[in-house]
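Here is a short tour for anyone who likes to look at a fold piece by piece. Please have a look at the sequence and the model before reading on.

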Amino acid sequence: MSSRVLVVDHERGTGEALATGLGERGFAATWRRSSEDALALLASEDFDAVVTDLDMPGFSGTALCERCVSNRPDVPVIVITAFGTLETAVAAIRAGAYDFLTKPFEIEVLAIALQRAVQHRALRVEVTRLRRAVAESLRFEEIVGASSAMKKVYDLLDRIA
């Protein structure tokens, strides 16, 4: 199953080129022209990562990154810009960006960054699942017994809980 990526860029040519290039590299890319449209879509659909331009009308890519991180902390955001400075990179990372790329860049570089971001997200989801499984397995630690009869009791207690 391909990873779903939301691309946000107000320039039609850039947005379409990124979506097409990522699609050719196995990502299911959806493109939006504004931060507002991107947030509305993120509220209703699940994405594995977001790629946003820094310079956006309305509110900036940094502001979009902050809102994504606060609303969907499990979705990594990669910020791209043609006006990359150390200060803008630091601001993006402080806003919660997973990565920061300066234009022009090779689409392959973005694809690699996205693969890392998606893998990072998958690992975080797995850690959460494992923590939940460990917590559930320890719920009856004070009860002693491993017989088949006790396993039935544990199963019954799990269903009741």
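## A serine to start with

Is S34 buried or exposed? S34 has a relative accessible area of 15%, and because the cut-off for a buried residue is under 20%, S34 counts as buried. Keep in mind that this is a predicted model.

S34 sits in the loop that links strand 2 (residues 28-32) to helix 2. Apart from neighbours within four places in sequence, S34 is in contact with V8 and M56.

The model has an open sheet of 5 strands, in the order 2-1-3-4-5, with parallel pairing. Strand 2 and strand 5 (99-102) form the edges, each pairing on one side only. On average, neighbouring strands of this sheet are turned by 20° against each other, with direction ignored.

Strand 4 and strand 5 run parallel and are joined by 4 bridges. Here you can find I78 opposite D99, the latter in strand 5. Helix 1 (residues 12-24) packs on the sheet, where it touches strand 1, strand 2 and strand 4. The direction of helix 1 makes about 170° with that of strand 2.

In soluble globular proteins, nonpolar side chains tend to be buried together. In this model, the largest nonpolar core has 23 residues, and L6, V8, V50, L64 and V79 are those with the most contacts inside it. At least two residues of this core come from each of strand 1 (4-8), helix 2 (35-44), helix 3 (61-71), strand 4 (77-81) and helix 4 (86-94). A second, separate core has 19 residues, among them F27, W31, A117 and V118.

Leaving aside neighbours within four places in sequence, the contacts of L6 are T30, R32, A38, L41, L42, F47, A49, V50 and V51. V8, also listed among the core residues with the most contacts, is one of the contacts of S34.

## Helix 3 and its cap

Which residues of helix 3 are buried? They are G61, T62, A63, L64, C65 and C68. These buried residues pack against strand 1, helix 2, strand 3 (49-53), strand 4 and helix 4.

The N-terminal end of helix 3 is capped by S60. A side-chain oxygen of S60 lies 3.3 Å from the backbone nitrogen of T62, and T62 is itself among the buried residues of the helix.

Conventions:
Residues numbered from 1 in each chain as written. Predicted model: local features only at pLDDT ≥ 70, side-chain atom pairs only at ≥ 80, totals over all residues. Heavy atoms only, no water. Core = buried A, V, L, I, M, F, W, Y, C linked by side-chain atoms within 4.5 Å. Buried < 20%, exposed > 50% of the residue type's maximum accessible area, 1.4 Å probe, protein only. Contact = heavy atoms within 4.5 Å. Pairing = 2+ DSSP bridges. Axes fitted to C-alpha atoms, helices over the stretch in contact; angles between N-to-C directions. Polar contact = N/O pair within 3.5 Å; in protein donor to acceptor, adjacent residues only side chain to side chain.
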